[in-house]
Amino acid sequence: MSNSVGVVIVAAGRGTRMGTVENKQYLLLQGKPIIVHTLEVFQQHELISEIVLVTGKEDIERCREWIQLYKLDKVKAIVPGGSERQHSVHKGLLKLTTQWVMVHDGVRPFVQPNEIEACYERAKQIGASVLAVPVKDTIKQVDNEGKVLSTPDRRSLWAIQTPQTFRLSELLDAYAAAERDGFLGTDDSSLAERAGIPVSVVEGSYRNIKITTPDDLDFAEFTESNRGEGQS
Ligand SMILES: Nc1ccn([C@@H]2O[C@H](COP(=O)(O)OP(=O)(O)OP(=O)(O)O)[C@@H](O)[C@H]2O)c(=O)n1
Ligand SMILES: C[C@](O)(CO)[C@H](O)COP(=O)(O)O
């Protein structure tokens, strides 16, 4: 239990922006479901002792079969998700028994082992951490009619990824508070921030994409087929 690290991998989304019949987390990348690629990164990491996988209720059985087939023996539970990502994460958190938790999107298969380690080290120092990259484009705030309202200073803007790392007890409290207050966030850190938990960014890689739209699949195929050929 002391300094043990578990991970909740959420894969209960519908993938509406991808628009495929098959849910995007189960599409094949080099012959293997995307969710299996993601699970393998954490299965193979020495820091991680437990994995909780959150999926659609109708997908639990096939996920169980893949877990057997690919020998993913760190997966301690497969739980059905909720209607929003936040609900899915919450259900997963309730199954973990470790001191620390990483929350990771099932559709981010390109996270690197050294990034996982850096996230954990920073969380131990600060309280919590999120993997992120500085934004490369100029960002504008725009109103509903398309009128530009402002141009925030890019130097303070980061695009946030996963994993996001917390003390499990603190994140559970933050989730309970969000539910009580009816707060819905698009990431886990936003719940921690409103609970007063200090969060630090860890600079990651632009390759750690969330596979969201069809163009992301082209990138994913390219990256996976070039693995081991100079790609980190
Ligand atoms: N109710 C939900 C919604 C999302 N997720 C998971 O959260 C991650 C990030 O969500 P996103 O990529 O936006 O997935 P979807 O919600 O599936 O996509 P979309 O918004 O296009 O429908 C994904 O691994 C997704 O499966 C989840 O577990 N439960
Ligand atoms: C958690 C996340 O991946 C960080 O970028 C992202 O916020 C998930 O948001 P989505 O709207 O569910 O894609």
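This report describes the surroundings of two ligands and the position of one residue in a predicted model.

## The surroundings of ligand 1

Around ligand 1 there is a shell of 19 residues, and the closest of them are G15, T16, R17, K24 and S88. When these shell residues are sorted by class, four are nonpolar, eight are polar and seven are charged. Two elements, the strand β1 (5-11) and the helix α3 (85-93), each contribute at least two residues to the shell. As for its location, ligand 1 sits in the largest pocket.

On its own, ligand 1 has 570 Å² of accessible area, and the protein covers 89% of it.

## The surroundings of ligand 2

The residues that surround ligand 2 are R17, R85, D105, R108, I160, T162, T186, D187 and K210. By class, this shell consists of one nonpolar residue, two polar residues and six charged residues. The space that ligand 2 takes up is the largest pocket, and ligand 1 also sits in the largest pocket.

Here the polar contacts involve side chains, as three of the surrounding residues show. In the side chain of D105, a polar atom lies 2.5 Å from an oxygen atom of ligand 2, while an N or O atom in the side chain of K210 is likewise 2.5 Å from an oxygen atom of the ligand. For R17, the distance between an N or O atom of the side chain and an oxygen atom of ligand 2 is 3.2 Å. Of the 350 Å² of accessible area that ligand 2 has on its own, the protein covers 74%.

## The position of N3

N3 belongs to the segment that comes before β1.

Although N3 and W100 are 97 residues apart along the chain, their C-alpha atoms are separated by 6.6 Å in the model.

How values were computed:
Residues numbered from 1 in each chain as written. Chains lettered and ligands numbered in written order. Predicted model: local features only at pLDDT ≥ 70, side-chain atom pairs only at ≥ 80, totals over all residues. Heavy atoms only, no water. Near = heavy atom within 4 Å. Polar contact = N/O pair within 3.5 Å; in protein donor to acceptor, adjacent residues only side chain to side chain. Areas by Shrake-Rupley, 256 points an atom, 1.4 Å probe, with all protein chains shown as cover. 1 Å grid on protein atoms, 1.4 Å probe; cavity = no way out; pocket = protein on both sides within 12 Å on 5 of 7 lines; lining within 4 Å. Sits in = over half its atoms within 2 Å of the grid points. Nonpolar A, V, L, I, M, F, W, Y, C, P; charged D, E, K, R; others polar. Helix = DSSP H or I, 4+ residues; strand = E, 2+ residues; numbered from the N terminus.
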